[in-house]
Amino acid sequence: MMSSEFSCREMFEEECEQESMVDREVLKSPTRNREFCQWYSIPGHDERFFVSESVEGSDFSPQGVASFRALISILDDRFFLAALHRKPIDQDDVHFIGVNKRMRYVPFAADFGPPNLAATMMFCEEVQRFLVEEPSKKLVFYTSPKPEDLTNSIFLCGAFMVVVLRVSPAEALKPFANVPRDVCLNYRDATWDPVSFELSLTSCWAGLERAIQRGVFKPASFDPEEYLHYDNHGNGNLNHVVEGKFVAFKSPREKRAKNSDGTLSHTPADYINVL
């Protein structure tokens, strides 16, 4: 996936010395015979994208979870995921993006993700916009090396491939196939109880794929701002699960009271106009 002359370890040693400057040579994918590779494109645009394949031993530093660092090619020559300890510096032909406050997952208990649909679609739109508008530049999505953060970042990258490029969940996993299991985690339920069931990244992507195929989730008409508005406690804390049929929300109270975050709870009458 990356040139053998520029190992991940060398890049991150240089990063520490040069304030997070990423060597351009590291962002090169090896020459592949693309005649036999499956290619994908963003609807309405001609550029072809090839999903990278993880090469065992070339992506990850061997120093353990506490100091884990990685640079992963996702789409050959164009889109990368980097696990870094500090914010990198943009270069002439390399642009870095990270998770902003609105996209960051807020846990309920011992859970840590996955990101909600609003965060997922905002990320997909940002990546798609860059790839379309900056065809000569490379995009690097950087994240913390913390396993929970890295797992959510991998989820977002895979979701982009599934939602925008229509890549299968199995194909979306290829760039991350060699990420250590103690770094790339399975998801759990939103409680403090011992885990009785875990959800894999591919299962999450498969759920997105099936929802799109069944028409339950329509990316083209999805409004992240509306989602975030009603997801807020002060605006009802509700989500449309199946359009026109199924809405999930925090139960209303008979009498209005203050929530732990300072907002007021809602009575049944408050939901009449919304529903």
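Student: Why is Arg 166 called exposed?

Tutor: This is a predicted model, and each value discussed here is computed from it. Arg 166 has a relative accessible area of 52%. The label exposed requires a value over 50%, so Arg 166, at 52%, is exposed. Arg 166 lies in the loop between helix 3 and helix 4.

Student: Where does Asn 237 lie, and is Asn 237 buried or exposed?

Tutor: Asn 237 is found in the loop between helix 6 and strand 7 (238–242). Its relative accessible area is 19%. Buried means under 20%, and therefore Asn 237 is buried.

Student: Why is Thr 151 called buried?

Tutor: Thr 151 has a relative accessible area of 0%. That value is under 20%, so Thr 151 is buried. Thr 151 is part of helix 3. Leaving aside residues up to four places away in sequence, Thr 151 touches Phe 112, Val 183, Cys 184, Leu 185, Tyr 187 and Leu 201.

Student: Why is Asp 182 called partly exposed?

Tutor: Asp 182 has a relative accessibility of 46%. Buried needs a value under 20% and exposed a value over 50%, so 46% falls in between and Asp 182 is partly exposed. Asp 182 sits in the loop between helix 4 (169–173) and helix 5 (201–213).

Student: How do you know that the peptide bond between Gly 113 and Pro 114 is cis rather than trans?

Tutor: The omega angle of the bond joining Gly 113 and Pro 114 is about 5°, and the bond is cis. Most peptide bonds are trans. Pro 114 is placed in the loop between strand 5 and helix 2 (117–133).

Student: What makes strand 3 and strand 5 edge strands?

Tutor: Four strands form an open sheet in the order 3-4-6-5, with mixed pairing. Strand 3 (70–75) and strand 5 (94–97) are the edge strands, as each pairs on one side only. Neighbouring strands of this sheet are turned by 25° against each other on average, direction ignored.

Student: How do you know that strand 3 and strand 4 are paired?

Tutor: Pairing requires at least two bridges. Five bridges join strand 3 to strand 4 (residues 79–83), so the two strands pair, and they run antiparallel. Within strand 4, Ala 82 is the bridge partner of Leu 71.

Student: Which strands does helix 3 lie across?

Tutor: Helix 3 (residues 147–163) lies across strand 3, strand 4 and strand 6 (138–143). Helix 3 runs at about 170° to strand 4.

Student: What lines the second largest pocket, and which element gives the most to its lining?

Tutor: The second largest pocket has a volume of about 300 Å³. Its lining comprises 18 residues, of which Arg 104, Tyr 105, Glu 148, Asp 149 and Asn 152 lie nearest the centre. The elements that give two or more residues to this lining are strand 6 and helix 3. Helix 3 gives the most, with five residues. By class, the lining has eight nonpolar, five polar and five charged residues.

Student: How many helices and strands does the chain have, and what share of its residues is buried?

Tutor: The chain has six helices and eight strands. Their order along the sequence is α-β-β-β-β-β-α-β-α-α-α-α-β-β. Of the 275 residues in the chain, 40% are buried. Among contacts with a separation of 6 or more, 66% are between residues 24 or more positions apart.

Technical notes:
Residues are numbered from 1 along each chain as its sequence is written. This is a predicted model: local features need pLDDT of at least 70, side-chain atom pairs count only at pLDDT 80 or more; totals for chains, interfaces and linings use all residues. Side-chain values use heavy atoms; hydrogens and water are left out. Axes are lines fitted to C-alpha atoms, for helices over the stretch in contact, and angles run from 0 to 180 degrees between N-to-C directions. Contact means heavy atoms within 4.5 Å. On a 1 Å grid over the protein atoms alone, a cavity is a set of points where a 1.4 Å probe fits but cannot get out, and a pocket is an open set with protein on both sides within 12 Å along at least five of seven lines; lining residues have an atom within 4 Å of a point. Grid points are joined across faces, edges and corners, and a volume is the space filled by probe spheres set on the points. Ala, Val, Leu, Ile, Met, Phe, Trp, Tyr, Cys and Pro count as nonpolar, Asp, Glu, Lys and Arg as charged, and the others, Gly among them, as polar. Buried means under 20% relative accessible area, exposed over 50%, partly exposed in between (1.4 Å probe, protein chains only).
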